[in-house]
Amino acid sequence: MEIVTQEGAALTVDSFSALAEDLPLRRCDDSDEHSKVDKLLGSGKVADILLWRDEKKTFNCFLLLVLLYYWFFLSGRTFITSAAKLLMMIIVSLYGYSMLPANICGFTIPRVSSACFEVSKVDMRNSFLAMACMWNELSLVTRLLAQGEDWCTFLKVSSFFYFCKLIVPHFLTMAIGIALVVAFTLFFVYEQYEDEIDGMAKVVINRLRKA
């Protein structure tokens, strides 16, 4: 009996030690498991939305963007008129919501806290830093163009503005709609079939090189 107990204890210790050795590896595998498109999108909230990690949140974001797309581009109004009417609707809705009683027919109406409309100092600092970086990059490009020595930058800027000239007057609405649909489908499909798509891309690139 004593021998059986010792053997059982030994087997238990061995099993726990093996489990302890396997756990770090599994944790490392789970923590390091990020797809290419997830890393490309920054592995943050944007990646979670575009990769449909939370389907309800992604659907709500997609529906909101579709409504904004219709409001600004398909309603037939100018951009300033659409923005003014949207701002007026938001103000009236918030004012009407604040006038509702706390309880209606047994249903409790939650109140919107003033903290929802506050912007933290960190967010403001990050926003101003981003704006400063964009301004510095724009001033650098302008300085290079003014010197007239960097022909590569001149060709890039000229091509960009010429492309905008062709697209904006005729195909801006269509381009934004296609980009909206592609953003919510292409990244998700690529993550699901990453190996297959990479293999097909390699085959196409090799054939183009041979041709």
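# A guided reading of the predicted model

The charged end of Arg 77 is placed over the ring of Trp 71, at 4.3 Å from the centre of that ring. Ser 82 has its place in helix α5, which covers residues 79-99. With a relative accessible area of 0%, Ser 82 is buried, since the limit for that class is under 20%.

The axes of α4 and α5 are 8 Å apart, and the two helices pack at an angle of about 135 degrees. They are therefore oblique to each other. On the side of α4, the contact is made by Leu 68, Trp 71 and Phe 72; on the side of α5, it is made by Phe 79, Ser 82, Ala 83, Lys 85, Leu 86 and Met 89.

The wider plan of the protein may now be set out. The protein contains eight helices and two strands. Read from the N terminus, its elements follow the order α-α-α-α-α-β-β-α-α-α. Of the 211 residues of the protein, 9% count as buried. Among contacts between residues at least 6 apart in sequence, 41% join residues that are at least 24 apart.

Over the whole structure, a search finds five aromatic pairs. One of them joins Phe 62 and Phe 184 in an edge-to-face arrangement, with 5.1 Å from centre to centre and 65 degrees between the planes. Because Phe 62 lies in helix α4 (residues 55-74) and Phe 184 in helix α7 (residues 151-192), the pair ties together parts that are 122 residues apart in sequence. The two partners fall into separate classes of accessibility: Phe 62 counts as partly exposed, at 25% relative accessibility, whereas Phe 184 counts as buried, at 5%.

Another pair involves Trp 151 and Phe 154. Their ring centres are 5.7 Å apart and their planes stand at 85 degrees, so this pair too is edge-to-face. Trp 151 is exposed, with a relative accessible area of 58%, while Phe 154 is partly exposed, at 40%.

Helix α7 also meets helix α8, which spans residues 194-210; the axes of these helices come within 5 Å and cross at roughly 95 degrees. An angle from 65 to 115 degrees counts as roughly perpendicular, and α7 and α8 are therefore roughly perpendicular to each other. From α7, the contact draws on Val 189, Tyr 190, Glu 191 and Gln 192; from α8, it draws on Glu 194, Ile 197 and Asp 198. Three nonpolar, one polar and three charged residues make up this contact of α7 with α8.

Definitions and conventions: Residues are numbered from 1 along each chain as its sequence is written. This is a predicted model: local features need pLDDT of at least 70, side-chain atom pairs count only at pLDDT 80 or more; totals for chains, interfaces and linings use all residues. Side-chain values use heavy atoms; hydrogens and water are left out. Rings of Phe, Tyr and Trp (its six-membered ring) pair if their centres lie within 6.5 Å; planes under 30 degrees apart count as stacked, over 60 as edge-to-face and the rest as tilted. Helices (H or I, at least four residues) and strands (E, at least two) are DSSP runs, numbered from the N terminus. Buried means under 20% relative accessible area, exposed over 50%, partly exposed in between (1.4 Å probe, protein chains only). A charge sits over a ring if NZ of Lys or CZ of Arg is within 6 Å of the ring centre and within 35 degrees of the ring normal. Axes are lines fitted to C-alpha atoms, for helices over the stretch in contact, and angles run from 0 to 180 degrees between N-to-C directions. Angles under 35 degrees count as roughly parallel, over 145 as roughly antiparallel, 65 to 115 as roughly perpendicular and the rest as oblique. Contact means heavy atoms within 4.5 Å. Ala, Val, Leu, Ile, Met, Phe, Trp, Tyr, Cys and Pro count as nonpolar, Asp, Glu, Lys and Arg as charged, and the others, Gly among them, as polar.
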